[in-house]
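Reader: Hi, can we go through this structure together? I'd like to start with its pockets.

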Amino acid sequence: MADYVGAIDQGTTSTRFMIFDHEGNEVARHQLEHEQFLPQAGWVEHDPAEIWERTCEVVETALKEAKLSHSDLVAVGITNQRETAVVWDKTTGRAYSNAIVWQDTRTDRIASKLERDGHGETIRHKAGLPPATYFSGGKIQWILENVDGVREAADKGEAIFGNTDSWLIWNLTGGTDGGLHVTDVTNASRTMLMDLESLSWDDDLLALFDIPRSMLPEIKPSSTADGLGKTLSSGPFGGEVPITGILGDQQAATVGQVCFATGEAKNTYGTGNFMLLNTGTELVRSEAGLLTTVCYKFGDEDTVYALEGSIAVTGSAVQWLRDQLGIIKTAEDSETLAKEVDDNGGVYFVPAFSGLFAPYWRSDARGAIVGLSRFNTSAHLARATLESICYQGRDVVEAMAKDSGVDLDVLKVDGGVTANDLCMQTQSDVLGVPVSRPVVAETTALGAAYAAGLAVGFWNNTDELRENWNESKRWEPSWSEEQREEGYTGWKKAVERTLDWVDVD
């Protein structure tokens, strides 16, 4: 048997390929960023062709640098930015437009009209999601209505849709020459088009968005040895490698954090923040502003569900300090700058660039920096930015406790922001519970590898995966309860200032 499992991690700002051994250790990786297109306020786009090119390059480079070939890989898993919509011509392989990214807010009128017309509860009940700009369904509708020729092509069966997992698998398995048009249950559950109970595309939901069923990929389990196809020799792997795992990025991180028991939770810190609580085979419908979603489905085993708190802007707020304001040169500089002051100096920053996601779901909100005086400096803004990541996390934890009755004993964390010690210490202080980071912080790619390896027997069961998990660092809370509540009260006041800023029809 080959010795390794590969994982393509197609994220919001970059694409990476990682290779893992049986103990879950990283053997190799290569990563490349892709361009962020911001054509107008609230719009965020990616070039699907660039993403495919970057995917080929990171796979080829990682294998070469590790002195490995495709024959050393027993299987490949794919994890991806969820909700980012690509619509392409299956006869030419070209996308009709740039991909509309999950952060994009151009579909706010579509979401608002669905709510206003009384369809919100139908979508919540069937799909587990509120009508929101976040999800793929509205993006597909927008492309059908606004990009020339797409509606006609869809009616002919030529235009097809996928999140970036489907786009990559289609290309990896042949593209215009027989490429497979598939997705998994976790990605499908982020479209507002799949019924959570039947795990199938729902005719009533499709009708609400006026989307032809022929556009949609076939829904598969997250981990399966059958039906996901093999890579072609003409592709980046240079030979046949089975693709046996697909997971949306946050579900992949949940698997990578081995949160397989009901009540276990993780928080991933990337472009946004995403906290998932495993609710087991029970489909828990949120009353507190969270999402009900598929956590994973391994082969023929029962579907496992989750409650999710999705936050649009966290790590990307640090990028904003770097790229738009220019007050830091690297993301790492945010910690150095923030440490120049002992506290936020009364400044709060609510980075509602894409409106507010969980638990508020307010597309009318926009970012705000409040509490400024002439005393404040760029260091206070840097510290307020890191604190905004943590306070948004507390908003979700409070909602999760209301829905599930589970109070966290410890928060498992992963993702790039966890390298920021000040931010993780602040997260522990804001929540009042320990924060634990695993040895392999990039659990998104690891989870995709686990899903792929389980399907082919590289790992026998989830107990074997638990043995791979090891703690790298733990942060303990240091704030008093008075500090914690005073800080959170200020945050809630700041959030109020962001609301009703944009008029939504």
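**Pockets and one alanine**

Author: The largest pocket holds about 1,000 Å³ of space.

Reader: What counts as a pocket?

Author: On a 1 Å grid over the protein atoms alone, a pocket is an open set of points where a 1.4 Å probe fits, with protein on both sides within 12 Å along at least five of seven lines; lining residues have an atom within 4 Å of a point. This is a predicted model: local features need pLDDT of at least 70, side-chain atom pairs count only at pLDDT 80 or more, and totals for chains, interfaces and linings use all residues. Residues are numbered from 1 along each chain as its sequence is written, and side-chain values use heavy atoms, with hydrogens and water left out.

Reader: How much space lies in the second largest pocket?

Author: About 680 Å³. It is lined by 23 residues, and the closest to its centre are Leu38, Val44, Trp320, Gln324 and Phe353. Helix 10 gives the largest share of that lining, 6 residues. Helices here are DSSP runs (H or I, at least four residues), numbered from the N terminus.

Reader: New topic. Is alanine 111 buried or exposed?

Author: Buried, because its relative accessibility is 9%. Buried means under 20% relative accessible area, with a 1.4 Å probe and protein chains only.

Reader: Where does alanine 111 lie, and what does it touch?

Author: Alanine 111 lies in helix 2, residues 108–116. Leaving out residues up to four places away in sequence, alanine 111 touches Pro131, Ala132 and Thr133. Contact means heavy atoms within 4.5 Å.

How values were computed. Grid points are joined across faces, edges and corners, and a volume is the space filled by probe spheres set on the points. Helices (H or I, at least four residues) and strands (E, at least two) are DSSP runs, numbered from the N terminus. Buried means under 20% relative accessible area, exposed over 50%, partly exposed in between (1.4 Å probe, protein chains only).
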